[in-house]
Amino acid sequence: MNKRSKFIFSALCFGFAFLYVPILLVVIYSFNDSRLVTIWGGWSIRWYIELFNNDNILDAALLSFRIAAVSATFATIMGTLAGIALTRIRQFKGRLLFTGMIAAPLVMPEVITGLSLLLLFVSLQELIGWPGQRGINTITIAHITFSMAYVAVIIQSRLIDMDESIEEAALDLGAKPIRVLWDITLPIIFPAMISGWLLAFTLSLDDLIIASFVSGPGATTLPMLIFSKVRLGIAPDINALATILIVVVTIGVSIAGLVMHQQSKTKKA
Amino acid sequence: MSTVLASMDATFRERLWKKFIVLIPYLWLLLFFLTPFLIVFKISLADPLIAQPPFTPLFQKSVETGLSIYTTFDNYLYLFQDSLYLVTYINSVKLAFISTCFCLLIGYPIAYGIARSPQPTRNILLLMVVVPFWISFLLRVYAWMGILKTKGLLNGFLLWAGIIDQPLELLYTDTAVYIGMIYSYLPFMILPLYANLEKLDIRLLEAAADLGARPWKVFKDITLPLSMPGVIAGCLLVFIPAIGEYVIPALLGGADTLMIGRLLFDEFFMNRDWPVASAVAIVLLMLLVLPIVYFQKRQNQELLEQQ
């Protein structure tokens with residue numbers, strides 16, 4: 001190994017250690033018997049038992065999953081439409097504004113998005129008496145709004161990669177545009193829609209700040225609950241919760257990676 | 001005649017479909033993304049009120065003057081008079097900027113290393129950069145609390161190894177905020193850098209080396225300039241969200257870690273001063289308008305190049 005590759009190798013080792021050691025430590029210490037989180041008291045699964053007996057956490061998790069599933073579904077529909085509009089419809093009024101509104105949520109600080117949506121809901125309430133009680137509905141709308149932008153970007157880059165001549169051929173042969181969309185475009189971008197849905201689901205499940213702004217009394221999502229707990233210090237049952245999440249994500253991403261690997265293999269063959 | 005009518009009908013329906021595809025997401029974003037900003041701006045021009053909602057209305061009706069518009073710049077004046085806000089804005093920019101620099105310094109060699117790895121390893125390494133991104137942001141920040149505590153794992157390790165005699169004060173300091181920021185945003189730096197470095201034509205580097213350029217010179221004169229788009233994209237993706245960050249300073253920072261996202265949050269939830277919180281948001285937005293517009297322009301350009 002020469003000097004340069006040694007440097008790169010150690011950079012990789014350091015980088016991945018930096019990324020993974022904190023995660024591993026949480027996993028290990030979730031099996032710690034001691035209540036003093038950072039002092040090792042032997043192996044135990046008591047925090048997992050405590051976690052599953054904690055109704056607050058389970059309720060919050062259920063609420064978060066429901067919001068995430070609904071908002072991811074709508075965000076995928078809306079984001080797919082937006083992605084198609086941006087790549088397949090060359091000209092329409094206000095296209096520049098539209099592209100701006102798709103790209104801006106990707107980098108907008110969450111405090112601003114959260115505050116502005118809450119103020120919108122409050123104003124609408126004054127004006128037309130909707131949405132009434134803030135909670136699941138308002139959080140879902142907020143999550144659709146910011147995650148549809150992510151879906152749109154994924155769909156957009158897939159559509160740009162896609163061979164447009166297939167669609168053109170179908171149109172030349174007399175297929176109606178809606179039929180082309182349904183029979184050709186959508187099946188081809190379907191994998192991108194799935195990854196968009198998963199991303200939207202994760203973003204919704206992960207969001208603390210926007211949900212804190214637009215939620216009302218009685219609707220506490222999982223991140224809101226976790227935040228109020230860990231703000232006061234370290235909580236051993238949160239370690240257990242984090243471990244479950246880490247295991248689920250790792251398995252999910254590994255499967256996705258394997259599937260992608262298989263696909264690229266069959267494509268080459 | 002009837003065929004002409006039928007085809008007219010078809011084009012009409014086709015147009016309708018196109019309209020439908022554009023209009024649904026368009027109207028949604030107009031209502032839930034653009035309008036809210038206008039409302040924030042409106043409320044930033046109002047006075048706070050102890051009422052529901054807690055601010056004065058834009059249109060005021062009175063017997064003497066009829067309908068009048070009420071606006072005030074007091075909230076903005078207040079932001080500039082109270083040095084707390086100015087210091088906080090400057091501090092946020094500083095924290096975000098230094099974190100971005102560190103992310104670049106750490107992320108560049110990693111992205112380079114991944115891009116130069118042989119194929120199966122490369123995909124696995126790339127996947128390993130993505131995995132933390134899918135694990136809850138909040139929980140990843142939380143993981144550092146246990147490490148950085150005074151009686152935490154890092155101090156325990158350093159004491160055990162004999163490197164220090166006294167535990168270090170790390171948690172609830174700016175240092176902890178920097179660590180949290182770099183840790184959380186590092187994948188956002190690595191991914192665009194990797195996407196760029198992967199496309200780099202390795203023959204250029206070989207040619208330079210064959211002609212006798214030293215490795216450092218090859219890097220400085222070829223690799224770095226060619227990877228500039230990736231560097232800029234990565235820096236923007238870290239810098240912009242880092243300025244408005246709330247969770248990291250709230251969990252890892254001390255009471256004196258001033259960041260604008262946290263200030264806005266507290267102004268809104270603790271002080272219940274909606275107009276001032278709105279003014280803080282508008283000023284923050286002003287601060288970010290340039291980098292955000294620049295980011296959008298670059299993204300559009302890249303998509304056009306792909307097309």
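Here are some exercises with worked solutions on a predicted two-chain model.

Residues are numbered from 1 along each chain as its sequence is written, and chains are lettered from A, with ligands numbered from 1, in the order in which they are written. Since this is a predicted model, local features need pLDDT of at least 70 and side-chain atom pairs count only at pLDDT 80 or more, while totals for chains, interfaces and linings use all residues.

**Exercise 1. Describe chain A as a whole.**

Step 1. Start with the elements: chain A has 11 helices and 0 strands. Helices (H or I, at least four residues) and strands (E, at least two) are DSSP runs, numbered from the N terminus.

Step 2. Next, the extent: along the principal axes, the C-alpha atoms of chain A fill a box of roughly 75 × 70 × 35 Å.

Step 3. Now look at burial. Of the 269 residues in chain A, 41% are buried. A residue is buried if 20 or more other C-beta atoms lie within 10 Å of its own, exposed if 12 or fewer, and partly exposed in between, with C-beta atoms placed from the backbone.

Step 4. Finish with the contacts, where two residues are in contact if their C-beta atoms, placed from the backbone, lie within 7 Å. Among the contacts in chain A with a separation of 6 or more, 77% join residues 24 or more positions apart.

**Exercise 2. Work out what chain B brings to its contact with chain A.**

Step 1. Count both sides: 76 residues come from chain B and 69 residues from chain A.

Step 2. Find the main contributor on the chain B side. Helix H1 (residues 2-44) of chain B gives the largest share, 20 residues.

Step 3. Sort the chain B side by class: it has 57 nonpolar, 14 polar and 5 charged residues. Here Ala, Val, Leu, Ile, Met, Phe, Trp, Tyr, Cys and Pro count as nonpolar, Asp, Glu, Lys and Arg as charged, and the others, Gly among them, as polar.

**Exercise 3. Characterise the packing of H1 of chain A against H5 of chain B.**

Step 1. Two packed helices are described by the angle between their axes and the distance between the axes. The axes of helix H1 (residues 3-29) of chain A and helix H5 (residues 137-148) of chain B come within 9 Å and cross at roughly 75°. Axes are lines fitted to C-alpha atoms, for helices over the stretch in contact, and angles run from 0 to 180 degrees between N-to-C directions.

Step 2. Name the residues. H1(A) uses Pro22(A), Ile23(A), Leu25(A), Val26(A) and Tyr29(A), and H5(B) uses Arg140(B), Ala143(B), Trp144(B), Gly146(B) and Ile147(B).

Step 3. By class, this contact has 8 nonpolar, 1 polar and 1 charged residues.

**Exercise 4. Trace the largest nonpolar core.**

Step 1. A nonpolar core is a set of buried Ala, Val, Leu, Ile, Met, Phe, Trp, Tyr and Cys residues joined through C-beta atoms within 7 Å. The largest one has 161 residues, and Leu115(A), Ala111(B), Trp144(B) and Leu264(B) touch the most other members.

Step 2. Helix H7 (residues 174-199) of chain B supplies the largest share of this core, 15 residues.

Step 3. The core also draws at least three residues from each of domain 1 (2-69) and domain 2 (82-272) of chain B. Domain bounds come from an automatic or database domain assignment, and the centres of these two domains, taken over C-alpha atoms, are 39 Å apart.

Step 4. Zoom in on Leu264(B). Leaving aside neighbours within four places in sequence, Leu264(B) is in contact with Val111(A), Leu115(A), Ala277(B), Val280(B) and Ala281(B).

**Exercise 5. Inspect some backbone details.**

Step 1. In chain A, the peptide bond from Trp130(A) to Pro131(A) is cis, with omega near 10°. Pro131(A) sits in the loop between helix H5 (110-128) and helix H6 (136-161) of chain A.

Step 2. In chain B, Tyr172(B) is a residue other than glycine with a positive phi, near 65°. Tyr172(B) lies in the loop between H6 and H7 of chain B, and counts as partly exposed because 19 C-beta neighbours are inside 10 Å.

Step 3. Arg272(B), also not a glycine, has a positive phi of about 55°. Arg272(B) is exposed, because 12 other C-beta atoms are within 10 Å.
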